[in-house]
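Please prepare a briefing on the structure shown here, covering its cavity, nonpolar cores, strands and loops.

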Amino acid sequence: MLSTASSFESSHRAHILTSDIDYYNKYICTGSADGVIQIVDSDKQDFRSAIQLQEHVGPVFQVMFSHAKFGFLASCGLDCKLIVRKTNDDGEWKIVYQYEGHKSSTTSIDWAPYKSGAIIACSSVDGTISIHTLNSNELSVSKIPNAHLNGVNCISWSNQLLNNNLLLVSGGNDNKIKIWEGQVGMWNVIYESDNQLSTIKDVSWNPTPGLYKHIFASCASNGRVFVWGSDDCCDWVQTEIGPENKQKQKVSFSRFGTVLSVAMNNYAVQLWKQIDKQTWICIDRSIADRKMLNRQNKNQTHPTHPTHPTHPT
């Protein structure tokens, strides 16, 4: 069973909207609706020494560490900015790259597989996706124009290549999911879903191949969560998991792709595990079922006497 390893009080003055942990589990980073990014060094016992960064104006929608090979920390937010930082010799997080080319809020960021270099994608409400290359010998940016009508909400890179090209999945306010194939500067849509009947809120690509060569998950504003599987990125099989009547906010695969987490509006998180190509079980639910079964067995062995109901005074 999961347990809390440690906890601490943040200094944020508004809701925490995003969080991330670096590759070595040393730095814990949070972003808030107050526009502040807080970085905590887990090696230090005194969490009051947390670093605060205030480069964003307005809510910070996402923070994300790159692979340890590069050591970057990126963020995006309501102010339309993408900001990338790196620590110096004094342990200070300094801005090394800033992009202000989007015309509306930047909604999501994701680092490409580290073997492809320091490449980060950034989505925006303006309907475009920008791709940034931050290698030491190359600094460039390109855009996917008109990626989604009325705005792009989420993006996720695949760790798998297709014809030696990168793969990126995106979801938007047009109720569609698209998969892009290409290299920096040249991107083509190789798959576009039918209308999903509701805004796509999040997508997450499984970092490792499983029963399908390519797997990603999506959630929509109508509460529906799908896991998509394909061996060629052209023909996709959809498997719906979880009750539709509960609102979902985020989907995310574990580092090794064995567990899918689904975050809901009531601050609860469900964990799902794949059994076969068409079957996923909720780990939490299976544990709850076993507890219920144990209680039933105990009641059969030691029957309890009925109690009279109490009435409120």
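By class, six nonpolar, three polar and one charged residues form the lining of the largest cavity in this predicted model. Ala, Val, Leu, Ile, Met, Phe, Trp, Tyr, Cys and Pro count here as nonpolar, Asp, Glu, Lys and Arg as charged, and the others, Gly among them, as polar. Local features need pLDDT of at least 70 and side-chain atom pairs count only at pLDDT 80 or more, whereas totals for chains, interfaces and linings use all residues. Residues are numbered from 1 along each chain as its sequence is written, and side-chain values use heavy atoms, with hydrogens and water left out.

**Cavity and pocket**

- The largest cavity holds about 40 Å³ of space, and the count of cavities of 30 Å³ or more comes to one.
- On a 1 Å grid over the protein atoms alone, a cavity is a set of points where a 1.4 Å probe fits but cannot get out, while a pocket is an open set with protein on both sides within 12 Å along at least five of seven lines; lining residues have an atom within 4 Å of a point.
- Grid points are joined across faces, edges and corners, and a volume is the space filled by probe spheres set on the points.
- The lining of the largest cavity consists of Tyr 212, Ile 215, Val 227, Trp 228, Gly 229, Val 237, Thr 239, Gln 274, Lys 277 and Trp 280.
- Two or more of these lining residues come from each of β19 (225-230) and β20 (237-241), and β19 gives the largest share, three residues.
- The second largest pocket contains about 170 Å³ of space; of its 15 lining residues, Asp 22, Tyr 27, Ala 68, Gly 71 and Trp 93 are the closest to its centre.
- Eight nonpolar, four polar and three charged residues make up the lining of the second largest pocket.

**Overall composition**

- The protein has one helix and 24 strands, taken as DSSP runs numbered from the N terminus (helices H or I, at least four residues; strands E, at least two).
- Of the 313 residues in the protein, 45% are buried, where buried means under 20% relative accessible area, exposed over 50%, and partly exposed in between (1.4 Å probe, protein chains only).
- Among contacts (heavy atoms within 4.5 Å) between residues at least 6 apart in sequence, 41% join residues at least 24 apart.

**Nonpolar cores**

- A nonpolar core is a set of buried Ala, Val, Leu, Ile, Met, Phe, Trp, Tyr and Cys residues joined through side-chain atoms within 4.5 Å.
- The largest such core has 16 residues, and Val 169, Ile 179, Trp 205, Phe 216, Trp 228 and Trp 236 have the most contacts inside it.
- Two or more residues of this core come from each of β14 (166-172), β15 (177-183), β17 (200-205), β18 (214-220) and β19; β17 gives the most, with three residues.
- Not counting residues up to four places away in sequence, Trp 205 touches residues including Ser 156, Trp 157, Leu 167, Val 169, Ile 179, Phe 216, Trp 236 and Phe 253.
- Another core, of 15 residues, lies apart from the largest one and has Val 84, Tyr 97, Ala 118 and Cys 122 among its members.

- All five residues of strand β3 (residues 37-41) are buried.
- Ile 37, Ile 39 and Asp 41 point one way from β3, and Gln 38 and Val 40 point the other way.
- In a regular strand the side chains alternate between the two faces of the sheet.
- Strand β2 (residues 27-32) pairs with β3 in the antiparallel sense over five bridges; pairing requires that DSSP find at least two bridges between the strands.
- Ile 28 has Val 40 in β3 as its bridge partner.
- Four residues separate β2 and β3 in a hairpin, and Gly 35 in the turn has a positive phi of about 85°.

**Loop residues**

- His 148 is found in the loop between β12 (140-144) and β13 (152-157), and it counts as buried because its relative accessibility is 2%.
- Beyond four places in sequence, His 148 touches Gly 127, Ser 170, Gly 171, Gly 172, Asp 174, Lys 176, Ile 177 and Lys 178.
- Most residues other than glycine have a negative phi.
- Asn 175, in the loop between β14 and β15, has a positive phi of about 65° although it is not a glycine, and counts as buried at 15% relative accessibility.
- Cys 233, in the loop between β19 and β20, likewise has a positive phi of about 65° without being a glycine, and is buried with a relative accessible area of 0%.
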